[in-house]
Amino acid sequence: MPNATVTGKAKDRSGSTTPPPKRRAPRLTTLFGRQPLGIGLAAPYAVFLAAVFAYPLGLAVWISFHDYFFTAPGAQVARPFVGLDNYKTALADPAVRRSFLNVVEFLVINVPLTVVLALVLANALNGAIRGRTFLRVAYYVPYVTASVAVVAVWLFLFSSNGMVNQLLGPLAPDPSWLINNKLVMPVIAIFVTWKQLGFFILLYLAALQNVPRELYEAASVDGAGKFRSFMNVTVPGVRPATTLVVILATITGANLFTEPYLLTSGGGPNGASASPVLVMYQKGIEQGNPDVASAIGVILVIGVLVISLINRRLLERD
Amino acid sequence: MGFLLLGAFVFLFPFYYMVIGSLQKTPDTSIAGAIPTHGLTLDNYSQINERVDLARSLVNSGIFTGGVILFTVVFGVLAGYALARLHFRGRSTLFALMLLVMMVPFQLLIIPLYVMVVRSYGLADSYMGMILPFAINSTAVFVFRQFFLSLPEDLFAAARIDGAGELRILWSIALPLVRPALVTAALLTFIGPWNEFLWPFLITKDQDLQPLAVSLANYISNIAGRAANPFGAILAGAVVLAAPAVALFVAFQKHFTSSELGSGVKG
Amino acid sequence: MKSNKVAAAAVLTLAIGTTAACGSSGGSGGSDASGAQAAHGPVNVWLSNNPEEVAWGKAMVEAWNTAHPTELVTAQEIPAGKTSEEVIGAAITAGNAPCLVFNTAPAAVPQFQKQGGLVALDSFPDGKAYVEARTGAPADQYKSPDGKFYQLPWKSNPVMIFYNKDIMTKAGIDAENPPLATYDEFLATSKKIVSSGAAQAAIWPAPTSEFFQSWFDFYPLYAAETGGKQLVEDGKATFDSEEGKRVSNFWRTMYAEKLAPQEKYPADSFADKKAAMSIVGPWAISVYGDKVKWGAVPVPTSAGTTADKTYTFSDAKNIAMYSACKNQGTAWDLLKFSTSKDQDGALLDKTGQMPLRKDIATVYADYFSSHPDYKKFADQAARTIEVPNVPNSIAIWQTFRDGYTSSVIFGKTPIDDAFKTSSDKVTALAGQS
């Protein structure tokens with residue numbers, strides 16, 4: 001995660017010198033750390049993670065290296081180790097490759113759009129005084145509703161005879177949005193941006209509180225207009241939030257499943273809106289090949305990890 | 001300001017359309033249909049009630065979501081505090097594991113998880129089985145951690161100098177302060193289980209246990225087609241699913257403000 | 001540095017997972033199969049959530065329970081549709097599948113069998129005999145590659161072309177005998193419907209990519225055109241052939257001339273009168289109800305065949321017994337009870353779907369004389385083909401569908417190329433075990 005407090009001890013914000021903590025028996029300290037109570041407090045969470053995530057995740061990774069399918073309890077079946085075969089099969093499949101390209105296309109549209117819109121709207125909301133409650137509710141509402149509920153309306157709106165095409169008249173694309181393999185992913189990207197924006201506006205709103213007022217005053221003394229002060233004060237001032245937004249949006253985007261599943265039932269025209277998780281679901285659960293599906297999943301997680309690290313590196317250049 | 005209003009209109013329009021569509025007697029996709037002057041009816045809603053036990057589903061959703069919020073708040077606060085303020089062996093590894101967990105898609109884990117919950121723990125068709133994979137929300141732990149990090153170091157240092165034990169510090173200083181973060185975390189945690197469809201769908205066959213998201217998703221995809229106005233029925237189902245979440249949010253939105261999450265993005 | 005910690009976390013995860021995997025793959029104690037077969041006691045079953053089937057199911061269970069108070073049956077509904085296979089598959093893996101599922105799709109049987117989730121009906125002394133006696137010759141299509149029955153052919157919904165009489169009249173076509181027997185006639189009629197504005201589409205099959213959608217556009221016509229060939233026979237794909245291409249070119253023309261839309265209709269286009277025709281089985285009759293004045297004809301063929309020689313897709317749903325069942329003796333008895341002449345009659349009566357039983361037209365002559373609409377389907381039910389019972393059946397259908405949508409529905413690739421590629425892949429998949 002992005003901010004500097006991540007890697008080690010919490011930064012001492014007050015800056016004052018504090019006397020060293022009480023001395024404990026050195027052996028205990030080296031064995032368990034300075035405050036071993038932490039182990040006790042964190043233990044339930046750690047056990048939960050181990051049981052609910054580490055085990056299935058470890059199993060999924062193990063599955064990806066074997067010729068594996070799920071069986072009824074008691075069924076004896078050979079599960080030979082096959083090395084990287086599943087990975088090779090996955091990457092050789094054009095549908096899988098297409099799905100990774102689709103998700104990159106999605107991210108390229110969704111992430112910058114999210115960052116820009118969230119910051120601009122948060123900035124505007126920050127300054128707004130009247131109707132604040134209504135505006136906040138308006139922007140957050142899509143975030144709290146289930147995709148299942150909202151997708152029906154979007155299908156209605158974006159279908160060939162839907163309102164969007166009626167409004168566009170002769171400019172309506174042909175083939176229409178959801179069956180056009182060039183437009184379908186952008187439509188999904190916009191849908192997800194709309195749906196998630198509320199959360200990111202919230203993050204930016206919080207960050208905006210921490211941009212010191214003096215900087216704005218200094219900027220206006222220097223003669224900077226609204227746009228200038230936005231670019232030179234606000235944007236740098238919320239840099240840590242931007243990193244967080246980019247990384248969170250990337251992670252949720254890479255794991256896109258519900259929207260392609262619901263909006264385009266099975267991957268869209270020629271798989272133009274299939275996402276890796278959708279393909280994983282089809283291969284793993286529908287077609288009974290969890291080994292190849294797990295391979296796809298592992299590749300995806302590694303990809304997300306790499307992109308997040310790159311993003312963090314790029315955005316935290318200071 | 002005008003820009004904000006335009007944005008709000010664009011954001012809310014699909015919901016407005018959803019409600020209008022659910023009230024129509026016959027589907028009307030034209031632009032004029034967006035501003036109806038007649039032909040509105042509540043039939044679509046009464047049809048849902050015939051096929052789906054809305055009250056029971058709401059209760060189930062409440063238990064499921066409530067259980068998750070409870071576990072998250074209790075154990076998440078402790079874990080967040082430990083990750084933020086206490087130095088212990090394995091702290092960074094736990095933190096890294098938490099981040100890793102947030103990156104992994106649920107669909108990768110779902111069958112092993114299902115097998116584990118049903119076979120090893122024997123929790124099929126039970127509330128605990130529904131709650132278990134979601135029990136402690138990692139994002140909430142992250143929020144708690146960032147919140148505790150933002151508290152002044154002096155507070156804790158002074159207490160330690162005074163000779164207070166760690167448990168004492170936790171109980172008398174950290175916990176009383178955490179209230180604002182609790183509401184934010186609760187609201188964040190709420191959205192997941194309330195809208196979750198796939199897991200409860202797999203875990204429960206008993207219809208009495210199914211939460212609202214499952215009953216309505218089932219209605220929308222399989223049963224609405226039989227109604228007199230299938231489109232209206234689908235949209236009515238969608239409105240019923242979305243309404244409680246929106247209502248709860250509107251009621252608590254003043255807590256969902258910037259200051260509580262401010263700690264999440266400090267530099 | 002953070003990456004070290006991430007690596008540590010990853011290794012920890014792997015370690016836990018591997019030990020767990022070693023534990024789980026060893027298999028947790030086999031179930032005593034032979035013991036289970038003789039056992040009698042309470043059983044539970046799953047029904048689909050089609051309201052008419054549920055009504056039938058509940059009545060059947062009640063009748064059984066009254067007669068067998070020591071072997072009570074509990075019935076639950078599972079959602080029908082594409083998700084029911086996932087639910088059943090997950091239940092098999094977890095070991096909590098019910099004894100019988102009255103909604104087992106033939107396409108999923110090879111997969112469930114591979115998982116070790118099904119009980120071969122042949123293992124009961126009268127198993128094979130019962131299935132063959134009830135269904136007759138078509139039962140062969142439901143045998144698995146090892147020659148055993150892992151499913152009981154229960155009911156079919158022979159797919160035919162429904163047409164809306166009012167729309168036909170509006171378009172100036174004879175509503176009692178619309179010309180729909182050959183491809184040329186069908187195309188001409190469709191053009192008339194759309195150009196006259198009587199309906200938005202002539203027919204509106206779902207153009208989406210789910211693996212089962214081909215059962216409602218390509219497959220019924222392929223069955224008719226080939227006189228009863230399955231998609232895969234003797235381990236080889238059959239559709240890369242003259243007949244397959246004729247069917248595909250027909251549909252390509254429908255899409256190219258906008259007689260069938262390339263976009264999914266979110267509800268039922270025939271019931272909403274947006275499409276003049278639909279291609280579906282008799283279960284839809286209760287959906288259309290009084291909304292539409294409908295007529296039904298067999299699916300078209302290129303040269304035209306008489307109704308009594310036309311084949312189609314069965315859209316069957318069967319009953320399977322699952323290995324998690326403890327009281328298989330009772331389950332087998334229940335299976336026979338629920339498919340007895342009386343119960344099949346009740347099913348026909350309540351749902352209008354055709355039990356996969358020999359000579360239903362004569363056995364239930366009374367029903368058909370009071371429901372003449374359904375007689376056509378009873379006749380058609382004698383000439384249906386099923387999905388091929390081969391390994392990787394679902395992957396095969398998905399592969400076919402992907403090639404089909406790309407070439408036929410969206411016209412992005414030439415049909416010859418797409419079919420050649422799919423056909424090779426399908427043959428390869430069918431050959432794996």
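1. Chains A and B. In this predicted model, 92 residues of chain A are in contact with 84 residues of chain B. The chain A side of this contact draws most on helix α2 (residues 37–64) of chain A, which gives 17 residues. Sorted by class, that side of chain A holds 69 nonpolar, 18 polar and five charged residues.

2. Chain B. Chain B has 267 residues, of which 53% count as buried. Among the contacts in chain B with a separation of 6 or more, 78% are between residues 24 or more positions apart.

3. The largest nonpolar core. This core has 316 residues, and the members that touch the most other members are Ile201(A), Tyr204(A), Ala238(B), Ala276(C), Met321(C) and Tyr322(C). Helix α8 (residues 184–209) of chain A supplies the largest share of the core, 19 residues. For Tyr204(A), with neighbours within four places in sequence left aside, the contacts are Ala118(A), Leu119(A), Ala122(A), Val238(A) and Ala241(A).

4. Domains of chain C. The domain assignment divides chain C into domain 1 (36–157 + 315–385) and domain 2 (160–313 + 391–431). Each domain is therefore written as two segments of the chain in the automatic or database assignment. The C-alpha centres of domain 1 and domain 2 of chain C are 28 Å apart.

5. Contact between the two domains. In chain C, 22 residues of domain 1 are in contact with 23 residues of domain 2. On the domain 1 side, α5 (109–114), α16 (372–380) and β14 (384–385) of chain C each supply at least two residues. Of the elements on that side, α16(C) gives the most, with six residues. The residues of the domain 1 side comprise seven nonpolar, seven polar and eight charged.

6. A sheet in chain C. Four strands of chain C form an open sheet in the order β6-β9-β5-β10, and the pairing is mixed. Its edge strands, β6 (201–203) and β10 (294–297) of chain C, each pair on one side only. On average, neighbouring strands of this sheet are turned by 25° against each other, direction ignored. Strand β5 (residues 160–164) of chain C runs antiparallel to β10(C), and four bridges join the two. Tyr163(C) stands opposite Gly295(C), a residue of β10(C).

7. Positive phi values. Most residues other than glycine have a negative phi. Asp234(C) has a phi near 55°, a positive value, and lies in the loop between β7 (232–233) and β8 (236–237) of chain C. Asp315(C) has a phi near 45°, also a positive value, and lies in the loop between β11 (312–313) and β12 (317–321) of chain C.

8. Surroundings of these aspartates. Asp234(C) counts as exposed because it has 9 C-beta neighbours inside 10 Å, where the cut-off for exposed is 12 or fewer. Asp315(C) counts as buried because it has 26 C-beta neighbours inside 10 Å, where the cut-off for buried is 20 or more.

Note on methods:
Residues numbered from 1 in each chain as written. Chains lettered and ligands numbered in written order. Predicted model: local features only at pLDDT ≥ 70, side-chain atom pairs only at ≥ 80, totals over all residues. Contact = placed C-beta atoms within 7 Å. Nonpolar A, V, L, I, M, F, W, Y, C, P; charged D, E, K, R; others polar. Core = buried A, V, L, I, M, F, W, Y, C linked by C-beta atoms within 7 Å. Pairing = 2+ DSSP bridges. Axes fitted to C-alpha atoms, helices over the stretch in contact; angles between N-to-C directions.
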